[in-house]
Amino acid sequence: MRIGVDLGGTNIAVGLVDEEGRIVATGSRPTKPERGYEAVAKDIADIAIELIKRSNLSGSDIKSMGIGVPGVADSERGIVIRAVNLFWTKVPLAKEIRKYIDLPIYMDNDANVAALAEAAYGAGKGSKSSVTITLGTGVGSGFILDGKIYNGAHHFAPELGHIVIGDNGIRCNCGKIGCLETYASATALIREGKKAVEKNPNSLILKFANGDINSITAKNVIDAAKQYDEQAMRIFNDYVKYLAIGIVNVINMFDPEVIILGGGVANAGDFLIKPLKKEVAENILFKDLPYADIRKAELGNDAGIIGAAILS
């Protein structure tokens with residue numbers, strides 16, 4: 001058995017994971033990062049110990065603990081270098097947890113561990129190289145190359161959401177203009193949906209948001225596009241075009257076997273993936289050679305725990 005920890009700014013989720021990648025027991029607590037890292041570390045250890053006892057196991061039955069961190073982590077030193085949502089800088093997390101439970105502890109960025117889970121047990125199973133792209137509030141990404149996480153020389157790669165693909169005049173939260181996530185996130189769909197209904201209040205986008213412009217979601221835009229709403233279709237087609245640019249860049253640079261799409265926008269399924277594949281095919285560099293298949297992620301919210309557990 002291994003322990004996987006999905007550490008977020010809001011919630012700590014911990015699971016016992018078997019050798020087949022199945023979660024056999026889970027526990028969670030609110031993160032409350034304002035308490036300081038020591039309290040968060042103790043909670044992680046306490047939940048893990050509780051799961052071990054509940055499963056009638058002992059510490060000797062547990063091979064290791066892995067942690068997916070919402071930031072930059074140095075697993076060799078056991079340090080969270082930076083986690084903005086936790087207000088952490090250079091936190092010795094592994095050392096603090098080992099005060100309560102004596103296990104080998106590994107850690108990496110949460111998007112990377114989710115990508116590792118998809119590669120091992122999800123949509124990328126059987127491949128040696130895959131890229132998982134998470135389409136949510138931002139655009140997250142994790143690269144698995146030769147079966148291992150690639151996080152760069154300084155532990156913060158890959159930041160696919162912050163490659164600049166154009167000049168749309170929209171300033172990203174990182175400070176730059178034209179980042180992929182200003183074009184291809186759920187936030188981008190919401191922003192463009194609001195702009196559209198301000199000019200065209202008869203759009204189905206507003207109807208699906210119950211007439212409240214401030215309640216518009218990415219799903220409202222997608223659902224309206226499915227009903228052939230002119231404004232929604234224009235927004236969604238642009239979304240697909242720009243996401244395809246990002247994916248083509250990834251293929252040209254890394255040539256992975258599989259591109260895996262997760263996050264809320266990916267729940268559109270084939271409605272997203274079919275036109276996306278077409279757009280990628282039209283813009284790929286070597287049209288006569290095979291290139292990455294594009295698939296929907298399979299593990300959902302379990303990917304964080306599973307991927308963390310199999311870190312080594």
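This is a predicted model: local features need pLDDT of at least 70, side-chain atom pairs count only at pLDDT 80 or more; totals for chains, interfaces and linings use all residues.

Colleague: Why does the second largest pocket lie between domain 1 and domain 2?

Modeller: The general idea comes first. Rolling a probe the size of a water molecule over the atoms shows where empty space is left. In this structure, domain 1 (2-116 + 302-309) and domain 2 (126-296) both contribute residues to the lining of the second largest pocket, so the pocket lies between them. Its space amounts to about 320 Å³.

Colleague: Which residues lie nearest the centre of the second largest pocket?

Modeller: Of the 16 lining residues, Ser75, Asp108, Ile149, Leu311 and Ser312 lie nearest the centre. The lining comprises seven nonpolar, five polar and four charged residues. At least two residues each come from β5 (72-74), β8 (105-109) and β11, and β8 gives the most, with three.

Colleague: To which sheet does β11 belong, and what is the strand order?

Modeller: In general, strands of a sheet pair through backbone hydrogen bonds, either parallel or antiparallel. Here, β11 belongs to an open sheet of five strands with mixed pairing, in the order β11-β10-β9-β12-β13. The edge strands, β11 (148-150) and β13 (293-296), each pair on one side only. Neighbouring strands of this sheet are turned by 25° against each other on average, direction ignored.

Colleague: How do β12 and β13 run, and how many bridges join them?

Modeller: Strand β12 (residues 258-262) and β13 run parallel, joined by four bridges. Val258 stands opposite Asp293 in β13.

Colleague: Which strands does helix α3 lie across?

Modeller: Helix α3 (residues 110-121) lies across β9 (130-135), β10 (139-145), β11 and β12, and runs at about 50° to β10.

Conventions. Residues are numbered from 1 along each chain as its sequence is written. Side-chain values use heavy atoms; hydrogens and water are left out. Two strands pair if DSSP finds at least two bridges between them. Axes are lines fitted to C-alpha atoms, for helices over the stretch in contact, and angles run from 0 to 180 degrees between N-to-C directions. Contact means heavy atoms within 4.5 Å. On a 1 Å grid over the protein atoms alone, a cavity is a set of points where a 1.4 Å probe fits but cannot get out, and a pocket is an open set with protein on both sides within 12 Å along at least five of seven lines; lining residues have an atom within 4 Å of a point. Grid points are joined across faces, edges and corners, and a volume is the space filled by probe spheres set on the points. Ala, Val, Leu, Ile, Met, Phe, Trp, Tyr, Cys and Pro count as nonpolar, Asp, Glu, Lys and Arg as charged, and the others, Gly among them, as polar. Domain bounds come from an automatic or database domain assignment.
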